[in-house]
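Me: I'd like to learn how to read a sheet and a core in a model like this one. Could you walk me through it?

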Amino acid sequence: MRLRAALALCRPLAPVLVGISLGFTLSLLGLSWVDEACGGLGADSDGFPAPGLDPPSITEPVRKANSDGGADRPGRGGEHRDEYQPRIVPYRRPVDKSRSGKVYRPRYISSELGLRDQLLVSVLSSRSSLGSLAVAMNRTVGHHFTKVLFFTDAQGAKFPGGMTLVTQVDERPIWKMFQTLHYIHEHHAAEYDWFYFVQDDAYVQADRIKALVDHLSIDELVYMGCPEEFIGGSGGEAGKGRYCHAGYGFLLSRKALLAAKPYLKVCRDNIVGTRGDEWFGRCLVDSLRLSCSDRYQEQRYRYFELDGKMDLEKEERVEFLNAYAVHPVEEPVLMYLLHKRFTQNELDRTYEEIAQLQMEIKNISVETPEGENVVTWPVGINPPFKARTRFEVIPWQHFTEEYIFSCVDGRPMCELHGVDRADVSDILDTVLERLNQWYHPHLHFRLLALSSGYRRFDPTRGMEYMLDLSLETSTQRGNKRVLSKRVQLLRPLNTVEIVPMPYVTEGTRLHVLLPLTVHDRVHFPQFLQNFAANALDTHENLLLTLLFIYDPFDAQKVSQDDIFAEVKELIGEYEQRYEDVKFPWISVKTDVPSQIKLMDIISKKNPLETLFLVTSVASELSVEFLNRCRMNAIANWQVFFPIHFQEFDPELLHPDRQAHVATDLSREAGHFDRAAFDEACFYNSDYMAARTRMAQVLANSQSDVGDEDIFDLFVHHSSLHLLRAAEPALRHRHRHRACNPRLSEDVYHRCLQNNLQSLASHSQLAALLLQNEQNST
């Protein structure tokens, strides 16, 4: 009975026991037994290291008995054995990037990505031709290339303006070429992919040279130009190749320049010659086995030898018209004539391509579902802008030959002058030229009068014109007749060009200048509170300087009754709150507080590299605007005059609102005040340069500074760019300006006009008047 009871208890466990036993059995059968001695480790039969051998390191890979051992199997290379062996990877503490030093990045994205410019042009000039042929070359083709360097031996001479000159010490031809190549390798080898060398007595087609390098590989040894035989025989290594004549120009790849650099000094000392271009060609042939060629990668370098007896206006040879370089050019006048001829050829060729493309567009439009109606005039130009709402309608400006009936200052009529008058004269001449060209020889037109004209600027295509003309038409038989004709013209927009700008950074220290008058004291606490929140709490890199403006009467009693006493106490409180911040202030006594007089005082107390921001007490300076001020003001290049957003009078529009509430940028909240120039961003060096020119003009005219503002100073006495743009991040709270009648009539009336325009919009004022009339009735 007991046995049966034990079997009954063990019966459910029988399958488990059978499975475990079977698993152990199969594992023992599949085990590949090896000798425990591990002879590879140098152990004897007892498992100890053999005599004379060191014990195995803990990093020594040991294979288990059932390991794969793939590296030792037949058919597999033993060189891959370490790849599958276990290794002990040492632990390294992770680097805390937040505690590491500041990461400095390059100034330009091209430097960080390793991008290079395409082409550098080096013009080989001399003392005798620097002021003549070199100047002519710079004026004709210099602006077509990214960078042009003029190499000359004219030391101490008066250099022409607008040219980048590199003076050389030695006048020997070989040494001059060596110094040129050495300078380019040291200063520009890492910046450009191609290098073009040419003498200043050659005319170069810049667009064709740039198109040529677009079709060549930069990873090849390229030495391309006009091949010439070496002087003095064909023996030696040089006899197997040719050199490129520098008079016709030659192209050198960056790879070839870098490869030739180690051999230049050896070639300079060992190769004798009378020409620099021939010496360089011998050096390339001897050192790199690189010979000059006018063909490479299915591209050809075309050149033409100029004959002094040629008539450039009538020359029609294909070799001349397709040439990349023309040599020799003996006089600057000849350089200008060549430029005129080649430019006219390119213009005619462009017009032919445009006409061909327009014809193709017309032919293809027939096959479209819309048919010929899909083609707009002119063919190939964007269609006119279609307004979706009445606010987007582009108005037309009405004009005649003498007047325009849409003035900038709001007057209904003003006289045409300056560029507007030149624009009207140009389109009238163009109309007559085209009409006579189309109807020649049957009809001839003569303009009698411009009855009326209309123009508008379409941002999608350009300036559009509609002209009603009174024309006198004459036939070949002498019959004349007066006609009234309406014509339509379009001056299309050109290709958008990105203007290169100097490098600027948002980390520049900003010197904020705040002039304060007796009427600005009430608004100063709000300004300082906003300044502390946006600049001091965010640790902006700037300095605020206050200018206390006293009139002569208040300045006499400043010791007894200082009108800015409360302002100075408030400044002291903020200096205690922000221990590392100081607010310097300067007292100025004047009855006419013009911006220039105030800046004359500040500019002398600061270095030339100081970046100034002139502001007003109504401004709300934000971090975004401060950074934009740093980015838009560029030393020796550009000054920035932002157009602030002027808020309307909240007491007039919202009399029930107790506190000031930030409003959105909308027509109902305010407007961009284009007549105000309260803010300005500029460098002290630029101001001092403009101020010096202004002083010279005033000295000649024997007049005073007057009450001109900083904007007028830079407009009339500086050649810098003036950036005048709407600034949504700069707002002015509404305040009533205290207009000083001692200022000029223009400034005084501008101040009064700002007070009126800052009340409300026209529609809001009309609604208020209507509401008052309804309430009174």
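Reply: Gladly! This is a predicted model. Let's start with the sheet: it is open, has 6 strands in the order β3-β2-β1-β4-β9-β6, and its pairing is mixed.

Me: Which strands stand at the edges?

Reply: β3 (164-167) and β6 (223-225) do; each has a single partner strand, so one side of each lacks a neighbour in the sheet. From one strand to the next, the twist averages 25°.

Me: How do strands of a sheet pair?

Reply: In general, they pair through backbone hydrogen bonds, in either a parallel or an antiparallel way. Here, β1 (residues 117-124) and β2 (residues 148-152) run parallel and are joined by 4 bridges. For one example, look at Val-123, whose bridge partner in β2 is Phe-150.

Me: Which strands does helix α6 lie across?

Reply: Helix α6 (residues 206-214) lies across β1, β4 (192-199), β6 and β9 (250-253), and runs at about 135° to β1. Helix α9 (residues 276-288) lies across β4, β6 and β9, at about 145° to β6.

Me: And the core: which residues have the most contacts inside the largest nonpolar one?

Reply: They are Leu-119, Phe-145, Tyr-196, Leu-251 and Leu-338, in a core of 44 residues. Helix α4 (residues 133-141) gives the most to this core, with 5 residues.

Me: What does the second core include?

Reply: That separate core has 38 residues, among them Leu-514, Leu-613, Leu-626 and Phe-640.

Key:
Residues numbered from 1 in each chain as written. Predicted model: local features only at pLDDT ≥ 70, side-chain atom pairs only at ≥ 80, totals over all residues. Heavy atoms only, no water. Pairing = 2+ DSSP bridges. Helix = DSSP H or I, 4+ residues; strand = E, 2+ residues; numbered from the N terminus. Axes fitted to C-alpha atoms, helices over the stretch in contact; angles between N-to-C directions. Contact = heavy atoms within 4.5 Å. Core = buried A, V, L, I, M, F, W, Y, C linked by side-chain atoms within 4.5 Å. Buried < 20%, exposed > 50% of the residue type's maximum accessible area, 1.4 Å probe, protein only.
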